[in-house]
Amino acid sequence: MLLFAPDIPMSADEFRLLRDFVYQHCGLNFTEDSKYLLEKRLGKRLQHHHLKSFKDYYYLLRYNQNKDQELSEVVDLLTTNETYFFREDFQLRSFTEEILPEIRQRKEQIGDRRLRIWSAGCSTGEEPYTIAMLLLEQPAFADWQIEIVGTDISQRVLQIARKGVYGSASFRTTPPSLQQRYFTEVEEGKLRIADRAKNLVTISHLNLFDAPRVGLLGRMDVVFCRNVIIYFDLAAKKRVIDSFFQRLRPEGFLLLGHSESLMNVTNAFVLRHFVHDMVYQRPALASAFEAKP
């Protein structure tokens, strides 16, 4: 068995310093048994800066004039960004066949033809572009004003999302007809998303723990946040889910990953049982939380 042998070992005190610092910044939670992971991944930054200890690196993160840029490097190293188009098909069927018709009926009754959707933790962009393609396939929304906002804390993945160019791994579950309709080959093995889908999506950098900036997003009809809160502890989950609640319009929907739930996190949402999936919905009248502007 191969064992990881760090060039510079991380002491228990250094682990706690860095772990707590990362947690306060973005909510990523690392238990004691994941010390090796921080040691291995952040060790690369010690080499880059020619530092002799993780404590020196901690001080760099706290006090260096380029600390914000370095924190971005840390987030890139510690997060996993695996995703692909049309992920979790059963949930997307609920979105197109059950959620969208319900929203459309409700809004048309008051003459509102605007739809705002937030892809929180959008990684390299496959999710918001999937939502855009699904909406373009809905004739009933052809004359609607649609805005899809994709955000992520990692600058590296956002660069890929903004380019909108993808390799074969991103298309593992993409229906061939949609791949043909919405993508153009730009080089061998690389496809670019069509402008009509790309133009519906805005890609932005956002830390879900930055409450003032999250508040600037405005109100949403649907929030997708799939396979993100699994990296948070309970306190961090409560904080992020509360921010989703505040950003959702009354009767707006929250779609989490298939392994994620709000059990023991909050009872502010109603769990709707649709044909293809179960989805959380903000009630028409806020009860557990007071709506904030």
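Two strands pair if DSSP finds at least two bridges between them. The legends below concern a predicted model.

**View 1. Strand β1 and its pairing with strand β2.** Strand β1 spans residues 114-120 and is mostly covered, with six of its seven residues buried. Strand β2, formed by residues 145-152, runs parallel to β1 and is joined to it by seven bridges. Within this pairing, S119 has G150 in β2 as its bridge partner.

**View 2**

**View 3. Strand β1 and its pairing with strand β7.** Strand β7 comprises residues 220-225, and three bridges link it to β1 in the parallel sense. The bridge partner of I117 in β7 is V222.

**View 4. The open sheet of β3, β5 and β4.** Three strands make up this open sheet, and their order is β3-β5-β4. Their pairing is antiparallel. The edge strands are β3, at 165-166, and β4, at 183-187, each of which pairs on one side only. In general, the strands of a sheet pair through backbone hydrogen bonds, either parallel or antiparallel.

View 5. Strand β5 covers residues 190-193 and pairs with β3 over two bridges in the antiparallel sense. Opposite Y166 stands L191, a residue of β5.

Notes. Residues numbered from 1 in each chain as written. Predicted model: local features only at pLDDT ≥ 70, side-chain atom pairs only at ≥ 80, totals over all residues. Heavy atoms only, no water. Helix = DSSP H or I, 4+ residues; strand = E, 2+ residues; numbered from the N terminus. Buried < 20%, exposed > 50% of the residue type's maximum accessible area, 1.4 Å probe, protein only.
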